[in-house]
Amino acid sequence: MEVQKKKVVVVGAGITGLAAAYYMQKEIKEKGLPIELYLIESSLRLGGQIQTVRRDGFVIERGPDSFLSRKVSMAKLAKEVGLEDQMVRNATGQSYVLVNEQLHPIPGGSIMGIPTEIAPFIKTELFSWSGKIRAAGDFVIGRSGIKEDQSLGQFFRRRFGKEVVENLVEPLLSGIFSGDIDRLSLHATYPQFYEVEREHRSLMLGMKKTKPKTTTPQSASAKREGIFLTFRNGLESLVEAIEENLDVCNVMKGVKVENIERVEDKAILSLSNGKTLDCDGVILATPHHISRQLFEKHGILQSLKDIPLASVATVAMAFPKACVTQEKEGTGFLVSRNGDYSITACTWVNKKWPTTTPEDKVLLRSFVGRSGDEAVVELSDSEIEQIVLTDLRKVSKIEGNPLFTVVTRYKEARPQYVVGHKVRVEKAKNELQEQFPMIKIAGSAYEGAGLPDCIDQGVNAMHAVLANLKLS
């Protein structure tokens, strides 16, 4: 007698959904599981915000451009789909912060803006002497005693004062989340800082003690290894490889889930193509506001409404090398909020990722827009290009116009982990477990926005769905 197959559906084919579908398919194949697997994506392409433009010898990322090598899940997935030999590591070089019209090197030994070496901190011109003296208060200031969540801004200003936060900590941390550090949650973004203060009191001393030791001593001239990875032909290479490997998964593009109901132990998905799927397991890897809307009439997941979304744009500009003169050697810079600039950061892509750019060309990738400063994202491509070009010409000598420009907007696309984030997410997951135990949520809005974090969430959701099916 043939075993009745269980139906599992992954909704959303960004990196979270792709990882969930790939590893679910792997479980099905290796263990002979009686599961019929579907992957549903509302757009006509897979990959979500991962999108690579390959043009005239350039490799240009519209969305994320790399992933942390120490978070192993991305490299592991790449190896699974045959891309291990395509991985490249970033070239290392000096990074800067633009403050008071000057590019200042980020002091050596800084970890997310926290100084761990005294000499570079004393020598830097990034802060005034009064700012340095105030930051040194970290050595004597006691633990805050605050156990509940607090903003990154509140936490760091208490320890280091206003100047160090505005000129170094804020550009670094807010750049990662496109957010406002006075709203971003300490516990949801960097809980390790809270733990370091709790255990060591001083953040400077604590980070110095806890930073990884290098296994082999380096000479002063030895080059340190880059901490980021990407693929020779761009991050979309991974999306393409995963899609090629999804051979026992039913992939449905251009289809939306419009309604979800529960009938006994099944979730009934109504699709935009007029079909319905009776599911034994669902991984909802859609943006959190879409997931919230699907459950609005059921009165659950509404705490997700309090996860704001920021709008950002990236602007990649290609130039002949002879047209760009950079006085500083390095890989890019961040911009302090105090300056009169629309850009928030710029990567000198040809320096950081040499494989992306022809040898006689320069590729500059700038970022505009962040929480509370998003109007620029609404402008036309030509207006954004001129604004960015004006800003870049204040920093480097640039003659003429770009060979071409690639402008990419992500409107209301960057989830903000504001204070209380972990409680909101936990509440939503508990509600779902109670009313729709066959459905799991995962994605960048919940437990980490980096690519490896999203993969980990997709894999965890896959295992949770399998456990719920009780196939063994």
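Let's start at helix 10, whose buried residues are covered by, among others, helix 1 (15-31), strand 3 (52-55), helix 2 (73-80) and strand 11 (228-231). Helix 10 itself spans residues 236-245, and its buried residues are Glu236, Ser237, Leu238, Val239, Ala241 and Ile242. Buried here means under 20% relative accessible area, with exposed over 50% and partly exposed in between, using a 1.4 Å probe and protein chains only. Helices (H or I, at least four residues) and strands (E, at least two) are DSSP runs, numbered from the N terminus.

A quick word on the ground rules: this is a predicted model, so local features need pLDDT of at least 70 and side-chain atom pairs count only at pLDDT 80 or more, while totals for chains, interfaces and linings use all residues. Residues are numbered from 1 along each chain as its sequence is written, and side-chain values use heavy atoms, with hydrogens and water left out.

The axes of helix 2 and helix 15 come within 8 Å and cross at roughly 70°; axes are lines fitted to C-alpha atoms, for helices over the stretch in contact, and angles run from 0 to 180 degrees between N-to-C directions. That makes helix 2 roughly perpendicular to helix 15. On the angle scale, under 35 degrees is roughly parallel, over 145 roughly antiparallel, 65 to 115 roughly perpendicular and the rest oblique. Ser73, Met74 and Leu77 of helix 2 meet Leu451, Pro452, Ile455 and Asp456 of helix 15, where contact means heavy atoms within 4.5 Å. By class, that's five nonpolar residues, one polar and one charged. The nonpolar set is Ala, Val, Leu, Ile, Met, Phe, Trp, Tyr, Cys and Pro, the charged set is Asp, Glu, Lys and Arg, and the others, Gly among them, are polar.

An open sheet of five strands has the order 12-2-1-16-24, with parallel pairing; two strands pair if DSSP finds at least two bridges between them. Strand 12 (249-253) and strand 24 (439-441) are the edge strands, each pairing on one side only, and the twist averages 15° from one strand to the next. Strand 1 (residues 6-11) and strand 2 (residues 35-41) run parallel, joined by six bridges, and Val8 has Leu37 in strand 2 as its bridge partner. Helix 15 packs on this sheet, touching strand 1, strand 2, strand 16 (281-284) and strand 24, and its direction makes about 165° with that of strand 16.

There's an antiparallel sheet to look at too: three strands, open, in the order 13-14-15. Strand 13 (257-263) and strand 15 (276-279) are at its edges with a single partner strand each, so one side of each has no neighbour in the sheet. Neighbouring strands are turned by 20° against each other on average, direction ignored. Six bridges tie strand 13 to strand 14 (residues 266-271), and Val263 is partnered with Lys266 in strand 14.

Elsewhere, the axes of helix 5 (residues 152-160) and helix 6 (residues 162-177) come within 9 Å and cross at roughly 140°, so the two are oblique to each other. Leu152, Phe156, Arg157 and Phe160 of helix 5 make the contact with Lys162, Val164, Val165, Val169 and Leu173 of helix 6: seven nonpolar, no polar and two charged residues.
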